[in-house]
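Thanks for coming. I will walk through one structure today, starting with a sheet and then turning to some helices.

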Amino acid sequence: MPGTLSAEKDARAPHASGRHGLAAARRRSNGAGSALIIHDAVAAGADPDQQDTLEQVTTVGRALVALGYRVSVEPLDLDLSALDRIAARPPRLVFNLVESLGGSGRLIHLVPSVLEDRGIPFTGCDAEALFLTSNKPLAKRVMAAAGIATPEWGLLPRPKCDPRTRYIVKSAWEHASIGLNRDSVVAGNLVARRLRRLDPAGRGDWFAERYIEGREFNISVLEGRDGPEVLPIPEMLFVDYPPDCPRIVDYEAKWDRKSFAYHNTVRSFDGRSEDRLLRARLAEIARQCWRLFGLRGYARIDFRVDADGRPWVLEVNTNPCLSPDAGFLAAAAQAGYGLEQIVARICAAVPNGAAAETALMEMR
């Protein structure tokens, strides 16, 4: 059965204004209705990227309680019978935090597909956008066809990689930098060997992308009444990285708190004055990606900028991480938005999300 989140737990949220403030928020919302948070089932002792899902559940749950929702939580796995229970007594909305099923990112669109079929409203991108963007080589084909610059890529059986060029070998489906490490960047003549080792069955689980030596930017985008709002743009700085260490946000940089990469990969909002035109260009391309894939609610687009100042889109991340220390909420804080405002905006983008919109307006 689904678990529940209480107002008392919510009062300890880092972005909340205390128990009395939360009670006032609930009074202002006039009762937004029921909200169900769905997420990947996380096993005991799971890797840190999976455990982070539970941090997101807590963070979002507290915000929803502050907005006046009656919140319950449902972990999902490959046994989708829980969706029958949800359909039998549908909540006002579902907050979708599902990133994989049974440990497979290629199934990220499955639950939203069922929810759409049952007519149950849920947050974030729809099933089609989730599928198109989570299949990274497919997303790159869509972007290239639309004239959006994305690094050249190769797949088995014939990667077609220039031996004089370096490539980064990446998972075709998984996010959270799963499978990325310093050995992921290889010369073109080694790409086929590494792909065969990682993807021996040739299922298309891995691909190679031309490595862009340069700067990295992560663009967070939030849906608004007047269209997608680009939040303040950070640059990822690779501080004191040795020459033989590729400057990438790999798994260690995101999740291993004891690693050099974790402490020396720094998100900075201190933009250079000479970057004004570059940042405007990044924002415009991010909005192009939003429109191209039909995104909804919130998203993050990752870029590299080469030595000539040309932006290249690496990935379009639908439903990006909402942990307190993740990039999306960091960008939102730079824009002056509190956690409850962000969650209310995400809920307001859902069809029939009027209750969250009312709560947001009354909190302003």
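Predicted model: local features only at pLDDT ≥ 70, side-chain atom pairs only at ≥ 80, totals over all residues.

Before the sheet, one term: two strands count as paired if DSSP finds at least two bridges between them. With that in hand, β6 and β7 are joined by three bridges and run antiparallel.

Some overall figures first. The protein has 14 helices and 14 strands. Of its 364 residues, 52% are buried. If we take the contacts with a separation of 6 or more, 71% of them are between residues 24 or more positions apart.

Now the sheet itself. In what order do the four strands of the open sheet come? The order is β5-β8-β6-β7, and the pairing is antiparallel. At the edges stand β5, residues 153-154, and β7, residues 185-187. Each of these has a single partner strand, so one side of each has no neighbour in the sheet.

Let me stay with β6, which covers residues 166-171. Towards β7, Ile 168 of the sheet has Val 185 as its bridge partner. Towards β8, residues 206-210, there are five bridges, and these two strands also run antiparallel. Two positions to look for on the β8 side: Lys 170 is opposite Phe 207, and Ser 171 is opposite Trp 206.

Helix α8, residues 191-198, lies across β5, β6, β7 and β8. Relative to β8, helix α8 runs at about 155°.

Next, pairs of helices. In general, two packed helices are described by the angle between their axes and the distance between the axes.

Take α3 first, which spans residues 48-66. This helix has 19 residues and reaches 27 Å from its first C-alpha to its last, close to the 27 Å expected at 1.5 Å a residue. Its buried residues include Asp 49, Asp 52, Gln 56, Val 60 and Gly 61. Just after α3, Gly 68 has a positive phi of about 100°.

What does α3 meet in α13? The axes of α3 and α13, the latter being residues 339-348, come within 9 Å and cross at roughly 85°. Angles from 65 to 115 degrees count as roughly perpendicular, and α3 is therefore roughly perpendicular to α13. On the α3 side the contact has Thr 59, Ala 63, Leu 64 and Ala 66, and on the α13 side Leu 339, Glu 340, Val 343 and Cys 347. By class, that contact of α3 with α13 divides into six nonpolar residues, one polar and one charged. Thr 59, Ala 63, Leu 64 and Ala 66 are also among the buried residues of α3.

The other pair is α6, residues 127-134, with α7, residues 136-145. Their axes come within 5 Å and cross at roughly 95°. So α6 and α7 are again roughly perpendicular to each other. From α6 the contact uses Phe 131, Leu 132, Thr 133 and Ser 134, and from α7 it uses Lys 136, Leu 138 and Ala 139. In the contact of α6 with α7, four residues are nonpolar, two are polar and one is charged.

That is the end of the tour.

Technical notes
Residues numbered from 1 in each chain as written. Heavy atoms only, no water. Axes fitted to C-alpha atoms, helices over the stretch in contact; angles between N-to-C directions. Parallel < 35°, antiparallel > 145°, perpendicular 65-115°, else oblique. Contact = heavy atoms within 4.5 Å. Nonpolar A, V, L, I, M, F, W, Y, C, P; charged D, E, K, R; others polar. Expected span 1.5 Å × (residues − 1). Buried < 20%, exposed > 50% of the residue type's maximum accessible area, 1.4 Å probe, protein only.
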